[in-house]
Amino acid sequence: MRVNVIAMYRFGLAVFAVILFMFIGSAPGMVTTGSASQQDNHQTQQKPEPLNMTVILERVYLDGELSQEVVQETCWSMENFWAKYDQWQLTDINESTFVFRKQVDDISPLLKANGFFGVTEDGILTIFNGRPGQSRIIQSFFQIDIKKLESKIQEELIQGIPIKSKDHYVEVLETFKPYSLKKE
């Protein structure tokens, strides 16, 4: 029993000595030989340099339009970098260039600004960049039987139906689906 008390006493003294040396070593103005060499090593070590990267963000809209945004990133931590783009899908890496893609559940800004539904001479329901007939085609869908349409709707398609929202885009497509000519 007496041996255990002595052993516990010695163990307590040893722990106290270790803690005391830790405080003395970290006291201001106190430098031990080990600390001086650690400080020399610390002064010669360079801080890590950030990575400069090019990030290309691709957005794919419901109407098939693809937009790209190029961003220059200064990255100090890859963990923070990946967290920043966790909602994007990585599609390509090339040296210091990362390409991310995201599906956007909306129509493109181009369509909202200048998109019109219309028909080509062949009767294909099409989206034009501007009014039909004088503008470039953005997207084509299906051929419709124009003869089955009311004359008012025919005239609207010839003049062009402006697209202002995703809901209107879907609504127009659904309206003309029953008039599509199915190839068999």
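This briefing describes a sheet, a loop residue and a surface patch in one protein structure.

The model is predicted, and local features need pLDDT of at least 70, side-chain atom pairs count only at pLDDT 80 or more, while totals for chains, interfaces and linings use all residues. Residues are numbered from 1 along each chain as its sequence is written, and side-chain values use heavy atoms, with hydrogens and water left out.

- E3 pairs with strand E4 (residues 97-103) in the antiparallel sense over five bridges, and Gln89 stands opposite Arg101 in E4.

**Glu65**

- Glu65 lies in the loop between strand E1 (51-60) and E2, and with a relative accessible area of 22% Glu65 is partly exposed, a class between buried (under 20%) and exposed (over 50%), using a 1.4 Å probe and protein chains only.
- Although Glu65 and Gln139 are 74 residues apart in sequence, their C-alpha atoms are 8.8 Å apart in space.

**The nonpolar patch**

- Leu51, Met78, Trp82, Leu90 and Ile93 form a nonpolar patch on the surface, made of residues with over 30% relative accessible area and no salt bridge, whose nonpolar side chains are joined within 5 Å; a salt bridge is a side-chain nitrogen of Lys or Arg within 4 Å of a carboxyl oxygen of Asp or Glu.
- Trp82 is in helix H3 and is partly exposed, at 37% relative accessibility.

Key: Two strands pair if DSSP finds at least two bridges between them. Helices (H or I, at least four residues) and strands (E, at least two) are DSSP runs, numbered from the N terminus. Patches are made of residues with over 30% relative accessible area and no salt bridge: like charges are joined within 9 Å, nonpolar side chains (Val, Leu, Ile, Met, Phe, Trp, Tyr) within 5 Å. Accessible areas come from the Shrake-Rupley method with a 1.4 Å probe; for residues, only the protein chains shown count as cover.
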